[in-house]
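Subject: Structure handover

Hello,

Here is the structure I promised to pass on. Please open it first, then read my notes below.

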Amino acid sequence: MKSNINIYTKKRKPNIKNLMSKAAFILLSILVLASCKVGEKYERPNFEEVSEEFYVKDSILNDSLAEASVTRDSLLMSSIPWRDFIEDTTLVALVDTALVNNIDLQKAMRNMDIGLEYLAQSKANFLPSVNATPAGFGREYYSENYNNYGSNRSRRNHGENAPTSLYTERLEYTSALQANWEVDIWGKLRWQKEAARADFMKSQEFKKLIQTELIAEVASTYYNLIMLKSQVEVAQKNYALNDSTFNIVKLQYDAGETTSLALQQTKSQQLKAKSLIPQLERQYTVQENKLNRLLGRSPRPIELNVDFDEIEFQKRYKTGIPLELIKNRPDVAMAEYELIARNAKTGVAEALKYPSLSIGAGLGLNSMELSNFLDPVSSAFALLNGSIFQPIFNNRKLKTNYRVALTEREIAQLEFKDNLIAAVEDVSNSLTRINKLKEEYKIAQERIDVTQKGLKDAALLFRGGFANYLEVITAQSDALESELNEINTKKQILIANIELYRSLGGGWE
């Protein structure tokens with residue numbers, strides 16, 4: 001249902017005082033109606049299922065947590081800028097390159113630009129739309145019966161002296177400025193603005209999410225490269241030992257002191273040690289190419305002047321409380337902004353069920369004779385109209401849209417809750433991973449001490465004739481495995497530290 005109020009003057013000077021009084025009445029009515037706003041103000045849900053602290057099992061890490069709380073590392077881990085957290089100058093330079101050139105991050109920034117445009121548009125919806133017709137000309141032809149009622153012929157568009165014929169002609173010259181304004185009575189435009197703002201903030205959080213994941217991925221790949229480089233060096237050293245053992249066995253075989261079986265098994269062990277080197281080099285090239293792609297460039301060599309043994313573990317484990325993840329974790333913040341947007345869209349859907357008010361205004365020149373067209377006294381006209389539109393029956397569309405919006409808001413709330421619980425799970429997993437990996441690393445170091453002593457003893461006994469080649473091969477194999485395992489465990493601890501930093505929401509500052 002639609003009703004219109006129209007004030008129209010033509011071919012005379014507009015009555016400005018009358019128009020202003022009517023406009024003032026309309027604006028006063030608008031101010032009263034504008035105080036009405038449907039929809040529910042957003043309030044963050046209360047998640048009673050989320051614990052008040054992060055769960056981590058057992059001992060070693062708890063001492064680190066207590067120590068961190070009273071040292072210079074008393075800041076929350078997530079609040080430490082990524083440059084201060086990483087500290088490694090080579091890795092910092094790689095991350096700097098990635099933040100400038102990474103394609104996914106650039107795409108996220110473009111999405112932010114799109115969100116900002118939609119937000120600006122939502123703010124402009126509160127302003128009237130204005131259109132101009134600089135000059136217009138129309139020619140129309142009417143039948144003999146147009147505007148005739150019985151025998152009384154009224155030619156109000158053509159004057160009393162217009163000729164009578166089968167068809168009459170009408171000329172009209174127009175120039176006008178027109179404005180239209182939708183009054184936000186029920187808060188529809190305000191809800192649209194809030195939804196657009198939430199979408200924009202979500203795009204900002206998405207950019208932060210890409211950045212935190214990018215820094216974590218660059219750091220993880222970097223540590224993988226250093227690990228593989230160290231493992232290649234260990235494999236080459238082990239191959240040299242196997243080669244030396246084979247030469248000794250060959251001399252014994254040539255002297256008739258051992259069998260061909262000993263020579264074959266020693267050679268097999270030597271080739272096995274040698275084959276490990278290209279395997280590790282292949283993995284190194286794959287990781288190197290991956291890092292180059294993260295840096296936004298094609299494959300090329302990456303120079304690493306870092307000794308893996310000199311890299312130290314992080315000791316900054318002050319994690320804060322789980323609910324702080326809402327503001328620290330970009331993915332959790334995105335889920336909340338999605339809930340805010342859904343709440344606002346529910347308000348829009350509800351407001352559409354109620355009457356809408358539009359106000360239009362026009363000012364210009366209108367004449368049927370070109371000679372009078374530019375005369376503002378005789379050709380000026382003004383137009384002020386208001387229309388109220390009330391939907392009555394729309395095939396249940398408005399009701400359906402509103403109920404769907406309510407359900408989508410409930411789904412967004414569940415997703416927000418799920419994201420928060422998943423984030424708490426990530427932190428707990430990272431803490432436990434660091435805890436247990438440190439235990440493993442301590443055992444790996446003890447094993448290296450044992451296997452290195454065993455390797456030396458086996459070599460001395462073999463040269464003295466008190467040990468056979470199988471014992472030497474076994475000792476060498478154990479020593480290689482223990483060194484590779486120790487390097488891999490240290491790499492996992494370094495990556496676990498980066499993952500803990502990321503899971504707490506660090507990396508976007």
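Helices here are DSSP runs of type H or I with at least four residues, numbered from the N terminus. You will need that for the helix numbers below. Please also keep in mind that this is a predicted model.

**Overall picture**

The protein chain has 509 residues, and 41% of them are buried. It contains 13 helices and 7 strands. Take the contacts in the chain with a separation of 6 or more: 85% of them are between residues 24 or more positions apart. The chain exposes about 29,000 Å². Carbon and sulfur atoms supply 54% of that area.

**Salt bridges**

The structure holds 19 salt bridges. In general, side chains of opposite charge can pair when their charged atoms come close.

Start with helix 9, which covers residues 330-351. E338 and R342 both lie in it, 4 residues apart. That spacing is about one turn of the helix. The two form a salt bridge, with the closest N and O atoms 3.0 Å apart. How accessible is E338, buried or exposed? E338 has a relative accessibility of 17%, so it counts as buried. The cut-off for buried is under 20%. R342 is at 23%, so it counts as partly exposed.

This pair also belongs to a network of salt bridges. E338 and R342 are linked there with K202 and E408.

Next, helix 6, which runs over residues 188-254. E205 and K208 sit 3 residues apart in this helix, so about one helical turn separates them. They form a salt bridge, and their closest N and O atoms are 3.4 Å apart. E205 is buried, with a relative accessible area of 7%. K208 has 22% relative accessibility and therefore counts as partly exposed.

Helix 6 holds another pair, K250 and D254. These two are 4 residues apart, again about one turn of the helix. Their side chains meet in a salt bridge at 3.4 Å, N to O. How accessible are these two partners? K250 is partly exposed, with a relative accessible area of 36%. D254 is exposed, with a relative accessible area of 52%. The cut-off for exposed is over 50%.

**A positive patch**

Which residues form a positive surface patch? They are K353, R396, K399 and R403. Look at R396 in particular. R396 is in the loop between strand 7 (380-389) and helix 12 (397-463). Its relative accessible area is 44%, so R396 is partly exposed. A patch residue needs over 30% relative accessible area and no salt bridge.

Most residues other than glycine have a negative phi. What is the phi of E87? Phi of E87 is near 70 degrees, a positive value in a residue other than glycine. Where does E87 lie? E87 is in the loop between helix 3 (82-86) and helix 4 (89-101). E87 is at 47% relative accessibility, so it counts as partly exposed.

**Where to look**

Then go to helix 6 for K250 and D254. Finish at the loop that holds E87.

Best wishes

Key
Residues numbered from 1 in each chain as written. Predicted model: local features only at pLDDT ≥ 70, side-chain atom pairs only at ≥ 80, totals over all residues. Heavy atoms only, no water. Patch = residues over 30% accessible without salt bridge, like charges linked within 9 Å, V, L, I, M, F, W, Y side chains within 5 Å. Areas by Shrake-Rupley, 256 points an atom, 1.4 Å probe, with all protein chains shown as cover. Salt bridge = Lys/Arg side-chain N within 4 Å of Asp/Glu carboxyl O. Lys, Arg positive; Asp, Glu negative; His and termini not counted. Charge placed at Lys NZ, Arg CZ, Asp CG, Glu CD. Buried < 20%, exposed > 50% of the residue type's maximum accessible area, 1.4 Å probe, protein only. Contact = heavy atoms within 4.5 Å.
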